Amino acid sequence: MKQLDIGVAGAGPAGLAAALFLSRAGHRVEILERFETPAPVGSGLLMQPTGLTVLNALGLLDTIHAVGSRIDRLHGADAVSGRTVLDVRYDAAPGGRYGLAVQRAALFNTLHDAVVADGIRIRTGIDLAAAELRSDRAVLKTPEGAEVGDYDLVIDASGARSTLAAKSVAAPSIRDLTYGAFWATLDGTGAVYDKSALSQRYDKAKVMIGLLPAGRTRRDEPERVAFFWSLKVCDVDAVKAAGLDRWKTIIRNYWPDCAPFLDQIEDWDQLTLARYAHRTALPPFSERLVFIGDSAHSTSPQLGQGANMALLDAAALSHTLASHTDIPSALAAYARARRNHVRLFQLLSLAFTPFYQSDSNGVAWVRDRLVSTIAKIPPIPGLLASIVAGTLIDPFGPAGLTECKWQEDLSLLSGMA
Ligand SMILES: Cc1cc2nc3c(=O)[nH]c(=O)nc-3n(C[C@H](O)[C@H](O)[C@H](O)COP(=O)(O)OP(=O)(O)OC[C@H]3O[C@@H](n4cnc5c(N)ncnc54)[C@H](O)[C@@H]3O)c2cc1C
């Protein structure tokens with residue numbers, strides 16, 4: 001592929017990673033971001049072996065390990081009976097895999113610092129509304145119709161509410177999910193929590209409370225914990241109207257160990273409401289506009305794959321652009337490279353979500369009585385570990401990646417928070 005002028009819409013994980021790969025491949029890349037100062041939104045997230053392998057390909061694995069918390073299992077219990085209903089361990093599948101919980105800011109800092117170090121231009125305060133095709137170029141425009149740049153290729157990495165995706169012929173229909181969650185990043189000092197697990201408590205599928213040790217934003221910062229509480233988006237106003245103290249009492253009654261975290265919340269403003277939508281752009285490109293990350297596919301974070309899939313998309317796109325001589329065939333190859341993995345994990349996320357976030361007592365009963373029992377019978381534990389790791393089908397080869405050798409590279413562990 002000849003050297004291309006590439007405009008990347010959005011400085012999230014997908015956009016930053018794509019810019020790094022493509023600039024290093026010799027293309028002229030610039031990032032256009034809505035915010036005046038690019039910054040991460042949200043709390044903690046779980047990096048899987050998939051996303052970590054992409055960071056390794058960018059030379060950023062040590063950096064992310066230095067600020068993350070190693071996670072070995074996902075554990076969930078019924079808040080009323082105390083019975084374990086979810087216990088997925090990464091080591092149930094071979095390969096020595098693990099997760100790495102990070103603050104969103106830590107992932108952002110890791111990628112953003114590298115973008116700055118590589119001298120990639122980031123233009124901020126630009127709200128993009130449309131990408132139009134003119135001759136062989138894609139022109140980016142603001143809501144007022146002002147042209148902000150024209151490129152050989154535009155990569156839309158502007159997230160789940162992408163206006164570029166919504167206006168394209170590949171626009172997916174959006175299905176807003178009923179349940180969302182309050183999130184906060186809090187101090188874990190003195191609190192009792194499992195430092196190597198994502199821990200959750202449930203009451204049927206209506207209540208889900210979670211604690212995720214989320215490492216540090218930078219090496220010299222203190223370790224933090226991501227706390228979340230699932231609720232229906234339509235109930236948010238009523239919950240707030242009932243008062244913060246009542247809300248804290250409900251959670252304390254379900255899970256007394258949360259008290260030190262709840263004590264730090266004095267205002268609703270400390271909680272971020274995350275709304276989820278399910279959508280998949282098929283195909284994830286149109287002419288000279290290609291979608292990656294949440295712009296191409298978004299879902300509930302039940303399986304914790306979104307940021308990891310965004311990084312895989314960036315790697316796959318860079319790989320197919322490097323191995324084709326024209327843009328149309330490279331974009332078609334990108335779509336093929338990601339198709340099976342994206343479809344499978346979109347489907348699994350959609351299937352798993354009602355077990356943890358729905359009004360159905362029947363589904364919760366099946367989860368607590370049947371699924372929790374079946375989940376202990378081989379080969380199901382290994383299968384669940386592969387689902388959580390994002391490796392149920394090979395995500396690496398089609399993206400031009402080789403998975404890290406987790407057990408051999410023990411030096412990584414010494415650098416971890
Ligand atoms: C509560 C919650 C928990 C999650 N937990 C996990 C997890 O544990 N593991 C995991 O892998 N994933 C998780 N996810 C999903 C993950 O956050 C997303 O999949 C990931 O952030 C997608 O990255 P992205 O770069 O595609 O989009 P985003 O992170 O949304 O970035 C988009 C960027 O584009 C910019 N932008 C938007 N619109 C415009 C515009 N019009 N013009 C210019 N710029 C624009 C935005 O400001 C932003 O900087 C979670 C999501 C939520 C909401």
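Good morning. I begin with helix α4, residues 104–117, which lies across β3 and β7 and runs at about 90° to β7. Please bear in mind throughout that this is a predicted model.

Three strands form an open sheet in the order β3-β7-β4, with antiparallel pairing. Strands β3 (44–47) and β4 (69–71) stand at the edges with a single partner strand each, so one side of each is left without a neighbour in the sheet. On average, neighbouring strands of this sheet are turned by 35° against each other, direction ignored. In general, strands of a sheet pair through backbone hydrogen bonds. Here, β3 is joined to β7, residues 99–103, by 4 bridges. M47 has L100 in β7 as its bridge partner.

Which residues touch the most other members of the largest nonpolar core? Of its 58 residues, they are M47, I64, L107, L111, I155 and I292. The largest share of this core, 9 residues, comes from α9.

Helix α9 covers residues 306–322 and reaches 24 Å from its first C-alpha to its last, close to the 24 Å expected. Of its 17 residues, 14 are buried, so α9 is largely enclosed by the rest of the structure.

Let me return to I155. Leaving aside neighbours within four places in sequence, I155 is in contact with I6, G7, V8, A9, A18, L22, V290, I292 and L317.

Thank you for your attention.

Methods: Residues numbered from 1 in each chain as written. Predicted model: local features only at pLDDT ≥ 70, side-chain atom pairs only at ≥ 80, totals over all residues. Heavy atoms only, no water. Pairing = 2+ DSSP bridges. Helix = DSSP H or I, 4+ residues; strand = E, 2+ residues; numbered from the N terminus. Axes fitted to C-alpha atoms, helices over the stretch in contact; angles between N-to-C directions. Contact = heavy atoms within 4.5 Å. Expected span 1.5 Å × (residues − 1). Buried < 20%, exposed > 50% of the residue type's maximum accessible area, 1.4 Å probe, protein only. Core = buried A, V, L, I, M, F, W, Y, C linked by side-chain atoms within 4.5 Å.
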